[in-house]
Amino acid sequence: MGHSWDEGYRTETDYCCYYFNELNPVQLNFLLLAKGILPPTIKNACELGFGQGLSINFHAATSKVNWYGTDFMPTQVNFAQELANYAQNTNVHLFDDSFAEFAQREDLPQFDYIALHGIWSWISDENRKIIVDFVRRKLNVGGMLYISYNTFPGHNKTNPLRELLRLHAANCSAPNLPLNKKVDNALNFAEQVFKISTIHCKDNPNVLAKLHSLKGLDHNYLFHEYCNDNWCPMFFSDMAKWLEPAKLSFACSATAFEHLDKINFSQEQNELLASVNNPIMQETLKDYIYNQQFRRDIWIKGPVTLTPTQRQEALKELSCILVSPKDEINGKVQCLLGDADFSDIYAAILHVLGDSKPHSLAKVFEVTQHAGFVFNHTITALMSLYAKKHLLITREADEEIMQHSKMMNEKLLAQATTNIRISSLTSPFIGGAMNFNTIQFMLLYASKQLEGPVSYKKLVDFVWNLMATKGHKIVFEGKCLETDEENIAAIKDEALKFLKQLSMYHTLKFI
């Protein structure tokens, strides 16, 4: 029996348009160096299953790295190619090959970085083998792999709900039924089933809460996440076995929050972790403590471990910028044990970064040391700011990169007059992009269109007139704001925050 071209992956709809900063190699340098691991120098990079192509295009537009990638959905590749045309990128190469076809191409270079996000758990074992062999052959020694996947033990009780949704979408909906209807019908059916499945719900008391939490999520995401034929969460130890033939070693998590062991875990938990010398066992133990559902991991082929002095000097070479208003940053950091208080060290750090311009970490370390804080305490505080999305790593960019990024942003901002599908903008200095909500995006567009000094009133009037003309309404926390008063109030609130950030937006060349 032959296989269809989609190989069990649901292709009725395109994947969501969202940028994931975790794939950004410039930002990953900070996480690797914080762990004392030397990041690779990246000349050629590859993204497998790039979806709508946001990350591969944004990373190509903001660097001189040659990017290659494939996604087997032609509509997504076509969309990604249109994005590439926005920036007139010549360093991005997009294909609609299957993984098997792409792996056999003879026109691919050796790679310093390979990334796949939201792919591994939703493909067949056959495709997983192809990917591992591709990484084994095509990733340079010293190169890194980013891979994300659903994991246990957090997904221990998801399978029954997921299978019910998948079966209903596949078998109980008319083929031509709109996707949102298929998803809603499957969710409603599952709710009916669990209402009468008293024994199952007694043994799985969180299943209804999980089901209700899905109802507010994007329909495209739910369809791809829960309705594919293939879905295989795995333990970290299973992932390690899969990647063993590719000669990869685990480096660190790409999720900054998971670098904060000292404040996330109790003394007893940290002592138990310290007593375990095996890295696979350590990561598995962390997954049990977190009840981990989704991992974002960095693996390296032949990692170089830095000495403490080398680590410190390498971190000093980095620079960073504050991307949240200084007066809105709370010194309390929410962690697994409650709130950790970083108020004192934040005050020292914000003394340097408070002008929303890039500064070297060397300068930050100098100021915090003078205030009495040791080097590792400063790294932890910076990591917590990064994890809370208050801070980003920056680097230098030449005129060519800035021009490509500018062309990309001009095309993206033009959506504000039609239909905003992508609400992300690139920055040559962060090597990638930032996501914005709809109002922020329209305020950014407004600031480009307004003549003379940008004022609060001008911004609010411009955005409200644009929305009123197009008949748009704001969706806030999943609820559509129906009245003019509600919409104008939301715009005013965002405009006040926007003006605090305007200098930073200009500095990073979003506008």
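Are F250 and W299 buried or exposed? Both are buried, where buried means under 20% relative accessible area, exposed over 50% and partly exposed in between, with a 1.4 Å probe and protein chains only.

## Basis

This is a predicted model, in which local features need pLDDT of at least 70 and side-chain atom pairs count only at pLDDT 80 or more, while totals for chains, interfaces and linings use all residues. Residues are numbered from 1 along each chain as its sequence is written, and side-chain values use heavy atoms, with hydrogens and water left out.

## Aromatic pairs

There are 22 aromatic pairs in the structure. Rings of Phe, Tyr and Trp (its six-membered ring) pair if their centres lie within 6.5 Å; planes under 30 degrees apart count as stacked, over 60 as edge-to-face and the rest as tilted. F95 and F102 make a tilted pair, 5.9 Å centre to centre with 55 degrees between the planes. F95 counts as buried because its relative accessibility is 16%; for F102 the value is 1%, so F102 also counts as buried.

The ring centres of F250 and W299 are 5.5 Å apart and the planes stand at 75 degrees, so this pair is edge-to-face.

## Nonpolar cores

A nonpolar core is a set of buried Ala, Val, Leu, Ile, Met, Phe, Trp, Tyr and Cys residues joined through side-chain atoms within 4.5 Å. The largest core has 115 residues, of which F30, Y113, I298 and F510 touch the most other members. A second, separate core of 31 residues includes F99, I114, L139 and A246.
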